[in-house]
Amino acid sequence: MSLFDRFRRRKTRMSRPTGESYTGSTRVRAADSTDQKHLVQFVTTRRGVEGFVEPRTVVSEVTLLLVAHDGEWTRRRVPSAQWAHKFANQHQVPSYDAAVVGVPQRMRDYNRRQKQQGQKQQDQ
């Protein structure tokens, strides 16, 4: 073993038999049926839901961000961007590429309201 062997580039993406994958030292849990059930439950119990497909990054796989009319949101891993768009179409939810359009302002407003409510409850 040479002195510089440990610095040589290795294949950065590897699959494991359990469905997990990792990039470098980061482990990423793959999408599973629990994630899919949660997405279905969110879509069927809220109104005005839109989907935002977020691309794979160094630390996470492809995710589907669902945002309801009031800004309430959920994010779950999905098998692929194509799967996310197909899921949205099947549930009659408009879907967008988050890398192109970003996330809606109502989601940021919802987060701000939740944070303010938490601070008010702590003050009382």
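Buried means under 20% relative accessible area, exposed means over 50%, and partly exposed lies in between (1.4 Å probe, protein chains only). Glutamate 54 is buried by this rule, at a relative accessible area of 15%.

This is a predicted model: local features need pLDDT of at least 70, side-chain atom pairs count only at pLDDT 80 or more, and totals for chains, interfaces and linings use all residues. Residues are numbered from 1 along each chain as its sequence is written, and side-chain values use heavy atoms, with hydrogens and water left out.

**Salt bridges**

A salt bridge is a side-chain nitrogen of Lys or Arg within 4 Å of a carboxyl oxygen of Asp or Glu. The count is 4 salt bridges. Among them are these:

| Pair | N to O distance |
|---|---|
| Arginine 46 and glutamate 72 | 2.8 Å |
| Glutamate 50 and arginine 106 | 2.8 Å |
| Arginine 75 and glutamate 54 | 2.7 Å |

Helices (H or I, at least four residues) and strands (E, at least two) are DSSP runs, numbered from the N terminus. Arginine 75 is partly exposed, with a relative accessible area of 34%. Arginine 106 is partly exposed too, with a relative accessible area of 23%. Arginine 46 has 26% relative accessibility and counts as partly exposed. Glutamate 72 is partly exposed at 22%.

**Helix α2**

Helix α2 spans residues 81-90, and its buried residues are Ala84, Phe87 and Ala88. They cover an arc of only 95 degrees around the axis, so they sit on the same side of α2. The arc is that of the directions from the helix axis to the C-beta atoms. Gln82, Lys86, Asn89 and Gln90 are exposed on the other side of α2. The buried residues of α2 pack against α1 (33-45), β4 (50-54), β5 and β7. Glutamine 92 follows α2 and has a positive phi, near 55 degrees.

**Leucine 64**

Leucine 64 is found in strand β5, residues 63-67. Its relative accessibility is 0%, so leucine 64 counts as buried. Contact means heavy atoms within 4.5 Å. Leaving out residues up to four places away in sequence, leucine 64 touches several residues, including Phe52, Thr74, Arg75, Ala84 and Phe87. Leucine 64 and threonine 74 are 10 residues apart in sequence and 8.2 Å apart in space, C-alpha to C-alpha.
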